[in-house]
Amino acid sequence: MERLTDKDKHILCQKLCDMKRRCNNPDDRNYKDYGGRGIKVCDEWSDSKNGHRNFQKWAIENGWRKGLSIDRKNNDGDYEPSNCRWSTSKQQSNNTRFNRLVTINGKTKTVQEWADIVGISQRAMTGRIEAGWSEEDLLKPKYKPLKMTKAEMSKEIRMWRSLEEQGKLLKLP
C-alpha cells in the first residue's frame with residue numbers, strides 16, 4: 001500500500017466514519033437516504049479490527065486523491081469495493097437517484113450531461129425538454145445574439161448600402 005500521510009489517513013478515516021454514520025445512525029440527518037433505505041457498509045470496511053486499513057488499501061488502489069468523494073455506482077447498492085469508486089462532485093451529481101435521464105439518438109444521459117455537451121445550462125436544457133423540442137433541436141447549440149452596438153450596426157448598414165450602390169452587392173428579391 002502506498003504510504004499515506006497522517007493527514008491522508010485522517011481524511012480517509014473520516015470518509016469511512018461518515019459512511020458508517022449515514023448507514024447505521026438513525027439520528028444522522030442523512031440516515032433516511034442511506035441506512036433508512038437499507039444501504040450498508042460492507043463487513044470488510046466495518047470490521048473493528050481491520051476495517052480502516054482495508055478501506056485505506058482499497059482507496060489507494062482505486063484512485064483516491066484529495067478532493068474526490070466516494071460514490072456508489074449503483075445508488076441502491078451497499079458501500080462495498082465492487083460498488084464504489086472515487087468521483088469528482090460533478091461526476092457524483094450525475095449519479096443520483098434524483099437525476100432525470102433523457103434519451104437522445106439512442107443515448108441516455110442526465111439532463112446536466114446533455115446540457116454540458118450542448119453548452120447550455122441545465123435549466124435551459126430542462127426548458128427545452130419540457131417545451132417538447134425535437135431530439136435534433138435539443139442538441140442545437142445556444143443561440144448567441146449578435147453583439148453589436150447601434151453605432152456599429154449603422155456603420156455596417158451604410159457599408160452594405162454603399163456596396164449595393166457600387167454594384168458589388170446583388171440585392172435579391
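Here is a short chat about a predicted model, taken one question at a time.

Me: Let's start with helix α1. How far apart are its end C-alpha atoms?
Reply: α1 covers residues 6-24, which makes 19 residues. At 1.5 Å a residue, a helix like that should span 27 Å. The value in the model agrees with this, with the end C-alpha atoms 26 Å apart.

Me: Which elements do the buried residues of α1 pack against?
Reply: Quite a few α1 residues are buried, among them D8, L12, L16 and M19. Charged ones turn up in the buried list too, including D18, K20 and R22. The partners of these buried residues are α2, α3, β1 and β2.

Me: How far apart in space are K32 and R22?
Reply: Along the sequence, K32 and R22 are ten residues apart. R22 belongs to the buried set of α1, whereas K32 is in the loop between α1 and α2. From C-alpha to C-alpha, the distance between K32 and R22 is 8.2 Å.

Me: On to strand β1. Which side chain does the side chain of D71 make a polar contact with?
Reply: D71 is found in β1 and is buried, with a relative accessible area of 2%. Leaving aside neighbours within four places in sequence, D71 is in contact with N83, C84, R85, S87, Q92 and N95. One of these also takes part in a side-chain polar contact with D71, at 3.1 Å: S87.

Me: N83 is on that contact list. Which backbone nitrogen does its side chain reach?
Reply: N83 lies in the loop between β1 and β2, yet N83 is buried at 8% relative accessible area. Not counting residues up to four places away in sequence, N83 touches D71, R72, K73, N74, G77 and D78. At 2.9 Å, the N83 side chain reaches the backbone nitrogen of N74.

Me: Which strand gives the most to the lining of the largest pocket?
Reply: That pocket holds about 230 Å³ of space, and 14 residues line it. Y34, R72, N75, N95 and T96 lie nearest its centre. The lining divides into four nonpolar, four polar and six charged residues. With three residues, the top strand is β1.

Me: Last stop, helix α8. Which residue with a positive phi follows it?
Reply: α8 runs over residues 150-165 and reaches 22 Å from its first C-alpha to its last, close to the 22 Å expected. L163 is found in this helix and counts as partly exposed at 24% relative accessibility. Beyond its neighbours within four places in sequence, L163 is in contact with K168 and L169. The residue after α8 with a positive phi, near 80°, is G167.

Notes:
Residues are numbered from 1 along each chain as its sequence is written. This is a predicted model: local features need pLDDT of at least 70, side-chain atom pairs count only at pLDDT 80 or more; totals for chains, interfaces and linings use all residues. Side-chain values use heavy atoms; hydrogens and water are left out. Helices (H or I, at least four residues) and strands (E, at least two) are DSSP runs, numbered from the N terminus. The expected span of a helix is 1.5 Å times one less than its number of residues. On a 1 Å grid over the protein atoms alone, a cavity is a set of points where a 1.4 Å probe fits but cannot get out, and a pocket is an open set with protein on both sides within 12 Å along at least five of seven lines; lining residues have an atom within 4 Å of a point. Grid points are joined across faces, edges and corners, and a volume is the space filled by probe spheres set on the points. Buried means under 20% relative accessible area, exposed over 50%, partly exposed in between (1.4 Å probe, protein chains only). A polar contact is a pair of N or O atoms within 3.5 Å; within protein, one must be able to donate a hydrogen and the other to accept it, and residues adjacent in sequence count only if both atoms are side-chain atoms. Contact means heavy atoms within 4.5 Å.
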